[in-house]
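Okay, thanks everyone, let's get going.

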Amino acid sequence: MFNRIPGTKDILPAEISSWQTLESTARSVFTDYNYLEIRTPVIENASLFNRTLGPATEIVQKQMFLIHNQEDIYALRPEGTASIVRSYLENSLDKTAGFVKLYYIGPMFRFERPQKGRLRQFHHIGAEAIGSLSASLDVEIISLADRILKNCKISGYRIKLNSLGCPKDKQAFSQGLKNALQQQLPKLCPDCQNRSKHNVLRILDCKNEACREILKTLELQQEYLCPDCQNHFAAVKAGLSSLGIAFELDYRLVRGLDYYNQTVFEISHSGLGSQDALGAGGRYNNLVQELGGPQLGAIGFAFGVERVLLAADKGLGQAAAKKLAYLIPLGASAQSAGLKILDTLRKSGIRADMDYANKSLKGAMRSANDAQAEFVLILGEDELRKNTIAVKDMKNSTQKEVNLDNLIEELKC
Ligand code: AMP
């Protein structure tokens, strides 16, 4: 017998309705906001991620699933943004469409230590709006994420917001942080000592208790933002407030990937323990150019589907399933006649199934019950001769004989 590999999950039929509800709610919100779906391959050249996420990030250094072939190194995508920008440029959308609003739903892969809410194959529902620097777009993206959670009736989440400023501001902030940490460097964990050399902002994301205590003592403010970035951030905050979307400023929120600048945000949920981020996103105004395209503003975000489902503690409910008609054929000729009846019912949009195991009437009734059938259709030799079928309404425990010509009408009402 084989087992699934650690950090992966089978999503069984009992759970699938929550997944489908979340996906369909998100699709409907994306449509309302006029975002169109894009699907890119799950496998890309590894260099795409090295280049965009940054060679010093944890994802690139430790978490990529790499596939070495004779000439290239491929990676299972650890996130969606880089692939979508690659696709935007490769398909010349910068020339034909210019400004695009895209969404995606699909699996992502990171070689992490599995725990609750942290998997090696997990799923993102995300959006990317490419081709605009407008602060209103930042507001739209955050309000879109908020709307998905609201429409899923999820509460108890917080939206944390920060601005990293333009690359110059980000550089000044990194330098300021480096200086502030100078004295404390030997007390930081080995990972943070390394981060201080290559990606100092990432220290602000460290989960190590000792590092967190040291960081608490630092006074962090937005003194590094240039006037343009200050104005942009003020417009984002004002826009969110005008829509009644609550947010908290968090000057420690940096998002570790190299491509982020200006607005960054994270949505966390108190019920999730240490892996409390439901989703996150931000602006990446230099990424399109970094990948060989024009200088274009862009912003995106992604929810972790598994985390959103954990936050919806009672599940997301089941979309009202169609009523099920379950046919029990008694005898060989009823079996073949039954197949035709099933076909007619299905063609008319009635959900229908049949006992294929030649069970006794009692055993087949038990199967119908297990399948939560609303109607049981019993077809014996007698009924076949009369062109009728016995229809049992499972809720009322009533039974009547119905002419086969009237069966669809009978089940539809
Ligand atoms: P990130 O690109 O890391 O900001 O990911 C966006 C969201 O995806 C996070 O806020 C999480 O909800 C989710 N996520 C990231 N990594 C994992 C993982 N290893 N397992 C499950 N969910 C994840």
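This is a predicted model: local features need pLDDT of at least 70, side-chain atom pairs count only at pLDDT 80 or more; totals for chains, interfaces and linings use all residues.

The protein chain has 16 helices and 16 strands. Its radius of gyration is 28 Å, well over the 22 Å the globule rule gives for 413 residues, so the chain is more spread out than a compact globule. You can see that in the C-alpha trace too, which spans about 90 × 45 × 45 Å along its principal axes. Even so, 51% of the residues count as buried. And if you take contacts between residues at least 6 apart in sequence, 69% of them join residues at least 24 apart.

Now, charges. We've got 51 positive and 46 negative side chains, with the centres of the two sets 3 Å apart. How many salt bridges does the structure hold? There are 22, and I've picked a few.

K160 and E266 pair up at 3.5 Å, N to O. K160 sits in strand β7 and E266 in strand β9, so this pair ties together parts that are 106 residues apart in sequence. Both K160 and E266 are buried.

Next, K150 and D146, at 2.6 Å, N to O. These two are 4 residues apart in helix α6, about one helical turn. Buried or exposed, what is D146? Buried, at 4% relative accessibility, while K150 is partly exposed at 38%.

Then R385 and D382, with closest N and O atoms 3.3 Å apart, both in helix α15. R385 is exposed at 65% relative accessibility, and D382 is partly exposed at 40%.

Last one: E58, R195, R202 and D205 are linked in a salt-bridge network.

Key: Residues are numbered from 1 along each chain as its sequence is written. Side-chain values use heavy atoms; hydrogens and water are left out. The radius of gyration is taken over C-alpha atoms; the globule rule is 2.2 Å times the number of residues to the power 0.38. Buried means under 20% relative accessible area, exposed over 50%, partly exposed in between (1.4 Å probe, protein chains only). Contact means heavy atoms within 4.5 Å. Lys and Arg count as positive and Asp and Glu as negative; His and the chain ends are not counted. The place of a charge is taken as NZ of Lys, CZ of Arg, CG of Asp or CD of Glu. A salt bridge is a side-chain nitrogen of Lys or Arg within 4 Å of a carboxyl oxygen of Asp or Glu.
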